[in-house]
Structure formats: C-alpha cells, structure tokens
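Dear colleague,

Please find the structure below, handed over for your use. My notes on what was found in it follow.

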Amino acid sequence: MNLYEEQIKKLSHPPLPKRRKEEIQNLVAELLSKMTLREKIGQLFQTAPNDAHIEGLRFDDSHGTVQYIKEGLCGSILGVHTPINAYQLQRIAVEETRLGIPLFFGLDIIHGCRTIFPINLAMSCSFNPELIEKASSVAAAESAHTGISITYSPMVDVVRDPRWGRVMESNGEDSYLSRILGRAYIRGYQQDDLSGNQAIGACVKHFAGYGAVEAGREYNSVDLSDRQLRMNYLPAYQSCVDEDCASIMSSFNVIDGVPSTCNRYLLTDILRNEWGYEGFVISDYTSTFEIMNHKITTDAKEVAKLCLNAGLDHEMVSNHYITYLEELVRENQVDTHTIEESCKRILTFKYKLGLFDNPYKYIYHEPEQYMQLPEYRELALEIAKNSIVLLKNENQVLPVQKNKKVALIGPAALTKNVVGGWGGLGRVEECVSFYEGMKNSGYDVIAHEGCSFEGAEHDDQLMEEALRIAAEAEVLLLAIGEPDYLTGEWSSRSELCLTGRQLELVARLKLLGKPMIGVIFSGRPLDLTWCTDNLDGLIYGWYLGNETGNALASVISGDYNPTGKLTMSFPRRVGQIPVYYNQLPTGRPSLTGGPRDLFKSCYTDIPNSPLYPFGYGLSYTTFNYKNLRLSTNCIKGLEETVVSVDITNTGRCPGKIISQLYIEALSFSVSRPVKEFKGFEHTYLEVSETKTISFVINREMLSYLNIYNEMTPENRTYRIFIGSDSSTSDYQQLEYKE
Ligand code: BGC
C-alpha cells in the first residue's frame, strides 16, 4: 500500500450536515469576501487531466492540472474517477492553496457507473420512472465511492433523427416522456439532499435543442422556430430545472445562428429570468473555443466576454476565462459582479455537496466492495427486461420452448461487449452475453458469430460454418444489428441498415426454411423493413448492459412477458427521416397514407406511416380497449374531465400493458401536432381480467403556444385518445371554453 492509499484508508465518512439555503448563502458570501478576483475566476474553470496518466504515484501532469490547482485557477476536474487520483488533486486544493477551496469532480455516468443498465433510449422504452430513478440512485451510489461528485446526465434532448448516434443517450422523440424521465434521473442521482454521502450532482444536457442537429450529423447546426423550441424541446430541460438539477450543460450547436454556449437568450432570458434557475451552467467540452469555428468571432478574448455575459458560469476544458477575464475586467468589458455571480453558483454547489465539511466525501479505500452489489445486478436485470420491445411475433413463434434445439447466430451472439456507448466504469467481463444468458436459462443452444459486424474477409467461412450449425437446429435466433461503437457521440450514420454482410447472412439462413427470430442489438432505430417482411419474430434488444443475455433469454423463453414500448418511431427507409408521431398536419393530407396518392402529401414509393410508431410494442398476450368515455364532454376554465377506458386481457397469459393518452386539437390559431402524448399508465391483467384506467384532463394539458404566444387551450374542440400506441384511432370529443 503506498502513502496515499494509507491516507485514504484513514478517511472517515460521517453523515454531513444538511444546510439550509440561507446558511449556504451566508457561507458563500463570507468566502467570496475573502477571494481575489483571480481566485474567483479560477473557480470558473474545469480542467481535464488524463486519469490514466496520473494513476498511482506516477503523476504525469502534462495538462498542468497541479499548477492550475496550486494557483487557485481551477474549480473542478473532468474525467478523474480513481479515488487515489481524486484524493491527490483534492489534497492539493485543500492543503496547498490559500483558501483551501475543494474541487468537484465530473464524469459521464450515463446508464450506470460500474453496474451497467441498458442504454438510456432502451430504458425509456420501459416508460418506468420508478425503475429509472432506482437505476440512477445505484449509479450515484457507485460513483460516490470513486471520487465522482457530479455526472453529466441526464440528456433530455428530444430526438427525431436516428441517424444521430446520440439518440441512444436520450428518452426518445417525445418531450412529455423526457420531462418525466429526466426528473426521475435527477431524483436518483441527487437523492433527498446533495449532502447525502451517496448523492451526486446531476447535470442536464445539452441546452438546448442539440437533438435537432441538421441531417442527424453530429455537431451540426440547429435551426428551430421559437414555437418548436418552446413546445417540443425546452419543456424537458425546464422540468429538470423544476427538479432542482445542480447544473446544466450548454450544447455544441447554434440555435437561430447563435451558439448555445454564448446564447444570452437561452442562458439568461429563458433559464434565469423565465425559469428562475439557480444552479450553474457549464459549457460542453471545448464548446467555448468552437465559437470561433462558428465564425462568431476570430478573437479568443471575445469568446470569454461573450460567454460570461451570456450567462455561462463554468468553462469545460478550454481556458478562455482564466486567460482573459482579468484583462476584460480591467478594460471594463466585463463586470466583476457577473464573475462573482458565476463563482457564487459554483461555491454554492460545493457547499450543497458538503465538500467544505468533508472534501474527501467521495474518496474511499478499495471502492470495489461498493460496486456490483447483488441487488444492483437484480435491478439491472429487471430494467433490462422492461426495456426490451417485441416488434413482431407471427404465428406465435415466441416464446421458444426450452426443449427446442436453438441455433444462435450473428455477430452479437457470443460477445460480452454489450455495455453500449457511454459505458461509465463498466467492464465487459461483467456482462452476460446473449449465449451465456440462453445457457443460464436452460436452453440447448449452439452459438456462432455467422459474420462480423464490419464485413471482413473471413465472413465467407463464418457463414458456411453458421449455415451448417443452423441446419441442425429447430429454431434460429439471430443476434444482429450494429456494433456498440457506432452509437453514441460522433456516431452519425447515413444508412440505418444492419452493418457489414449481416443481411446476406440472414437471407442465406432463411433459405433453410426454419422459424427465424431476429434479436436486434442497436443504439438507435434501424431500418427493419426487410427483417419485418422476412423474419417470423423480431425483438428489439438494444444494448442492455450487464444483464443482456439473461434479460433476452427471459423474454425468449416467456419467463418474462415483454412490456416495452418504442419511444422513437422506426422509419421504413432512411429517406423518410424525420418521421415522428407528433408531426404537424399538412394542407394536402393523404387519406390513403400513400404511396402514390396523387397530389397529396406522400411518397411515391412507401407509405407515410413509420414501420413501427411511437408507443408500439407487443406482448405475448393481447389486450382489448373498450368503452372509452369522458365524465363530461365540455369543460370551462380550470374545470377537469376524466377520461376512462376498460382494458381486457384477451390472450392466453397474464400480461402488462402500457396504455397511452393522446390529444388532438381539431383547430387552433397555429397548426398543432396531429397528436400530443399526455400520459401513460401500466396495467397488469390476468387472463380474461378487465380493469378500468382513467386520466384527468385539465386546461394545462390542452394548452399550446398560440399565435399571440400565450399558453392556452383557446375555445376549441379536442379529441381524446387512449390506446396501446400512437396510431390509436378511438377517441372521444371534448369541448373547451375559457
Ligand atoms: C459531450 C458531453 C459530455 C462531455 C464530457 C462532450 O463531448 O458532448 O455530453 O458530457 O463531452 O465528457
């Protein structure tokens, strides 16, 4: 054990005082009064040493982090997640600087720290905020033993373009769902109070509109009307503000020509003045520097001025603030008050975390013992099962009986690399592969890669071998899709097909004439038209994290009856993108839905509808909705009405259904989406059982930003729908009067 390890071993972690807001305000004011301008500016900088380089005692400080800290020129650290490294840096901040202000440490813990949950898009398909809150509290508990004090999560960007690799980090295409799930993540990370020893800060990203990058191309620009921004993109961030998220990250993109990172309209007018946000805003990695690439200025000093004056508090990685702010103050180009306000927000966060009470709060000896606890793995399995979406089940090819001889074929069959993008501190060896899961569940299964994800020379040989194995089997399970490294940041794709030669493999297997079930590994909606037409069963398996194989096997065997519902519409072809459920109507609607509906809004070659709509997902049983009714068909002002429906399990096994509430305005002063998602409910039903579910409809749910920029339902007629996905057509009519 080296010297630092010995010191860490002696650290204690008593419960920290939960301080009231006023108390923290006073403490911050007192500290600020002792700080020089330079020290205040120092708090606004986050540097990113290379964690691997500073491991142990071999402190390779090529980024100059230690010097920054010693000079009081650094408020936080990005990317350090080994307690020993965090300890060394924190010790310098606390013991070797004039005021001993502790650092905080940020990392992207996106879908789990060491226990890895499904990718976020998959988890959103559970429509289950309680499970997501539990998962993020586990992520926080593990992180809180490795030195990490804030995670750059949740990402609540609304996404409509699956070409964008980062859809995997999102809650899908709907802002109402993202509002609910975003809050659940924050509650899990931050728990009751940030001073808790297992609570860490949440940073909501990417503010704003990053999910609308043009053509799905990473780091591209965004152009949204204010109405579109406010109705579809901003509500998810705002609800995270309401949940008191510690921080918000500005996005890389421009909006209406202005980079978010120096966008005063977003960072001050909306965030501070309209929403009353009190936490701090951090830039995304080098996005301050990129303002020059956006051609807003050629002058690095001006970058500092633009960002500070726009409302950006903390600069990630680029160092314009510490380089230029003092000079800008001397030149009267920025105000010391603005710097103080930003510094105040950073210090407030540190006080809230309790870092002034115990700067080593998150630093533990042998953190391993706090990771991967059995109850964490159980939760990972439960969420993984809830994230799986059954897309097709012809002739009830699923579930597959355990006495059947199964061949599991495809590049995802044997791999344990199922962590998915942004895998935190997850380890491949701790994942259960698809094959292992099938074995664990008692199947007589033979697995083969069949071909590579990429398309390689030896694919011919692999295919031949796989075909030989398949010939012996009764059922073919296909583990196909896209590799995990093609999803996440910097992973835009122009095609959404199965990668490499997988389609050729599947087409050749089909010639064997056996029942075939496709299990798709992916971080985004892929183009599944061919698979839908040619396979008997289709399961969307995403990247499900540690418990991938066990979760898939439980669905395949029927031990778990699938419940997941898609949160992004699946296109029929790439050319149909963006396709999403809440599109605006058109002046020439196609009654047939296309194709070739003369002079109507449609394609000549495919229908307008998506292959699978938002909210879609099958079960092994069937459900029937009947008797949709309203308690009253006309409401005024703040009056409410209750919409109810009876659901019956009409199939052959018990099951759970996630019912969805939609509204449609028949007219309005601006064109409104053809449907708007407003609520959901999980209902478990035994065979032949009927239950009634209800939703309250109020003024707020009917409101929309009208032509005078007022949120109002106007005096209009609405249709109220409840169904099992967004294509539901059964409605009741409601009149609203102010
Ligand atoms: C990503 C952010 C992330 C940050 C820090 C950036 O490249 O856009 O989402 O939080 O890096 O890792």
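**Findings: backbone and domain contact**

Phe 127 lies in the loop that runs between helix 6 (120-124) and helix 7 (129-143). The phi angle of Phe 127 is near 45°, a positive value in a residue other than glycine.

Please note that the model is a predicted one. The protein chain has a mean pLDDT of 97, with 98% of its residues at 70 or more. Residues 53-59 have a pLDDT below 50, and this stretch makes 20 contacts in the model beyond near neighbours in sequence.

Two cis peptide bonds may be of interest to you in preparing the coordinates. One joins Lys 205 and His 206, with omega at about -10°; His 206 belongs to strand 5 (residues 201-207). Another joins Leu 398 and Pro 399, again with omega at about -10°. Pro 399 is placed in the loop between strand 11 (389-393) and strand 12 (405-409).

As to the overall division, the domain assignment of the protein chain gives domain 1 (3-10 + 25-367), domain 2 (384-574) and domain 3 (623-737). The remainder of this message concerns domain 1 and domain 3. Their centres, taken over C-alpha atoms, are separated by 38 Å. To the contact between them, domain 1 contributes 13 residues and domain 3 contributes 14 residues.

How much area is buried between domain 1 and domain 3, and what percentage of it do carbon and sulfur atoms give? The buried area is about 1100 Å², and carbon and sulfur atoms give 69% of it. Of the area that domain 1 buries against domain 3, 57% is supplied by Phe 127, Arg 227 and Met 231, more than by any other three residues.

On the side of domain 1 that touches domain 3, the elements giving two or more residues are helix 8 (175-190) and helix 9 (226-242). Helix 8 provides the largest share of that side, with four residues. Sorted by class, the side of domain 1 that touches domain 3 holds seven nonpolar, two polar and four charged residues.

With kind regards

Terms used
Residues are numbered from 1 along each chain as its sequence is written. This is a predicted model: local features need pLDDT of at least 70, side-chain atom pairs count only at pLDDT 80 or more; totals for chains, interfaces and linings use all residues. Side-chain values use heavy atoms; hydrogens and water are left out. pLDDT is the predictor's confidence in each residue, from 0 to 100. Contact means heavy atoms within 4.5 Å. Domain bounds come from an automatic or database domain assignment. Buried area is the accessible area (1.4 Å probe) that two parts lose on being put together, summed over both. Ala, Val, Leu, Ile, Met, Phe, Trp, Tyr, Cys and Pro count as nonpolar, Asp, Glu, Lys and Arg as charged, and the others, Gly among them, as polar.
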